[in-house]
Number of protein chains: 2
Amino acid sequence: MKDQTDMTIPTYDDVEAAHARIAPHIHHTPVLTSRYFNGLSGAELFFKCENFQKAGAFKVRGASNAVFGLSDDMAARGVATHSSGNHALSLSYAAGRRGIPCHVVMPRTAPEAKKEAVRGFGGMITECEPSTTSREAVFAEVQAETGAEFVHPYNDPRVIAGQGTCSKELMAQIEGLDAVIAPIGGGGMISGTCLTLSSLAPHVEIYAAEPEQADDACRSFKAGHIIADDAPVTVADGLKVPLKDLTWHFVRNHVTDILTASEQEIIDAMKLTWQRMKIVIEPSCAVPLAVILKNREIFAGKRVGVIITGGNVDLDRLPWIKG
Amino acid sequence: MKDQTDMTIPTYDDVEAAHARIAPHIHHTPVLTSRYFNGLSGAELFFKCENFQKAGAFKVRGASNAVFGLSDDMAARGVATHSSGNHALSLSYAAGRRGIPCHVVMPRTAPEAKKEAVRGFGGMITECEPSTTSREAVFAEVQAETGAEFVHPYNDPRVIAGQGTCSKELMAQIEGLDAVIAPIGGGGMISGTCLTLSSLAPHVEIYAAEPEQADDACRSFKAGHIIADDAPVTVADGLKVPLKDLTWHFVRNHVTDILTASEQEIIDAMKLTWQRMKIVIEPSCAVPLAVILKNREIFAGKRVGVIITGGNVDLDRLPWIKG
């Protein structure tokens, strides 16, 4: 299993090629505004709603770019990944659209609802024990048996170029942005954003938002090298994974700053978004709004693009309702 | 308090006048589609999203039409209503936009969150006991003291003409609709829909959707006269009120049929909409979808407009989570 890439840095040409390739398979998502949140923040906020995206998250952009970029020979052997989140869903969706197999290695302890969702999109699950050793061993077996192409959830130039199509759309939808903010976990969305903006609009500031309790990217940014935490605990469960070499390249070179929010601030921002904007968003994509509301001095007076990364939430277990 | 009107039947000219009057104060709401629900229903569904409307519900259309249609003299004395739901919010919002007082009579037992929401829009609450006698007595006092203009939640030609602007927009957004469906409680939205469609597109079928446990409109429709239930119990709390003379006029003359759904079907449709469409909708507006899914033989193959009436939900008390 190669978690380290050969460090092929994608270019903006790759983003344009990706957009042409994936456009038939994804939604061109809308940008929403909210007078309420503009008032609260003092900024003009433009929410790019990837919660309305196919499979419920932006990850379908990168996954589709990887799947539809394969030669017919490679595609015939299918694709494989390890993920229990939106990347597994998205890769299963994209593989289904191309009519090829998708193998997903998931811990047997993952919620049944997530397994069902992956199967619902046609993904084939192989279970592993909930440890890195087991995951790597099982994944190596699956790959050896099938010859399937590994598509990493974020540290993959095809995936990053795909995620870059999101801010490409945003720049065409909204003029005169001063800043764009997105959550950061492994850094796939932020890297795609850096890739696109550094080419299309290098003056636009790029902020990454991270949970205080999983602030490895923030500490990496300050330290100047990757710091990976072992098992951070946060309600923003899409943001627990560490930076890798390729995403670190973009973060280090193009990100303006990484800002953090507490668990309570994240939950409050999530609930307030549901209440006021009537949209279902994941905890992960409430982090940027939480960060904007607590750093008024940075954002007030600016036109800010906010990437709402996904809407896949377990509606039976909401973080503001004690179970 | 006049619950009976003088039976001034509004015309489509009134809808056009209403639209011109309220356009600066309301959102032109989007129409969403869902491949998932199209597959499930066999129909082509077009969701008119009034959950994204100002104050979170279509009721702001009728309330704004009433408020902004008042002469300056009348407006100076303010408006008044009795409601603990979306009409109270909407009238408070509209009055606030015009800068006039809004008096709301609410039972002292109403949830504190609802009272706060009304106050948040500038509404002034006078509490009554939770009985019709007390409500009428308190309301009469408030009106006598203030001289405020009573705006009924639905049995009012100004309100019905305002609600009619919703399907006016829908007809301009989507071509070739075969049917439109909306929930029915007191019948304000359905009456507005009838008013507009009977003029713009009389061939379009109009369906009303109602909870089985509050099916007074359905029984009225079959009986040929108004039947009012005393205190129906349903999760769709916006649909508990009975028809009145003016709304009955439209229902009797223009509605194709009234269909019902069980409590569980309503809750399932609501949850499925949150999961699949990533939008927050009230229980009341899940009733049309529930009805469509259980009556495939009526809707399959048709292009159907579905009015999503509102998105004001108590996020701490969701009907699928046992408290």
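In chain A, four strands in the order E5-E4-E3-E6 form an open sheet with parallel pairing. Strands (E, at least two residues) and helices (H or I, at least four) are DSSP runs numbered from the N terminus, and two strands pair if DSSP finds at least two bridges between them. Strand E5 (124–128) and strand E6 (149–150) of chain A stand at the edges with a single partner strand each, so one side of each has no neighbour in the sheet. The model is predicted: local features need pLDDT of at least 70 and side-chain atom pairs count only at pLDDT 80 or more, while totals for chains, interfaces and linings use all residues. Residues are numbered from 1 along each chain as its sequence is written, and chains are lettered from A and ligands numbered from 1 in the order in which they are written.

Within this sheet, strand E3 (residues 79–82) of chain A pairs with E6(A) in the parallel sense over two bridges. A:Val79 stands opposite A:Glu149 of E6(A). Helix H7 (residues 132–146) of chain A packs on the sheet and touches E3, E4, E5 and E6 of chain A; the direction of H7(A) makes about 165° with that of E4(A). H5(A) lies across E3 and strand E4 (102–107) of chain A, and runs at about 165° to E4(A). Contact between two residues requires C-beta atoms, placed from the backbone, within 7 Å.

H5(A) also meets another helix. The axes of helix H3 (residues 59–68) and helix H5 (residues 86–98) of chain A come within 8 Å and cross at roughly 40°. Axes are lines fitted to C-alpha atoms, for helices over the stretch in contact, and angles run from 0 to 180 degrees between N-to-C directions. H3(A) is therefore oblique to H5(A); angles under 35 degrees count as roughly parallel, over 145 as roughly antiparallel, 65 to 115 as roughly perpendicular and the rest as oblique. On the H3(A) side the contact includes A:Val60, A:Ala63 and A:Val67, and on the H5(A) side A:Leu91, A:Tyr93 and A:Ala94 are among the residues involved. By class, this contact of H3(A) with H5(A) has eight nonpolar, four polar and two charged residues. Ala, Val, Leu, Ile, Met, Phe, Trp, Tyr, Cys and Pro count as nonpolar, Asp, Glu, Lys and Arg as charged, and the others, Gly among them, as polar.

A:Asp14, A:Val15, A:Ala18, A:His19 and A:Ile22 of H1(A) meet residues of H8(A) including A:Pro157, A:Gly162 and A:Lys168. The classes in this contact of H1(A) with H8(A) are five nonpolar, four polar and two charged.

Chain A also contains an open sheet of six strands in the order E1-E2-E10-E7-E8-E9, with mixed pairing. Strand E8 (residues 205–211) of chain A pairs with E9(A) in the parallel sense over five bridges, and A:Ala209 stands opposite A:Leu259 of E9(A).

Between the chains, 14 residues of chain B are in contact with 14 residues of chain A. The chain B side divides into seven nonpolar, four polar and three charged residues.
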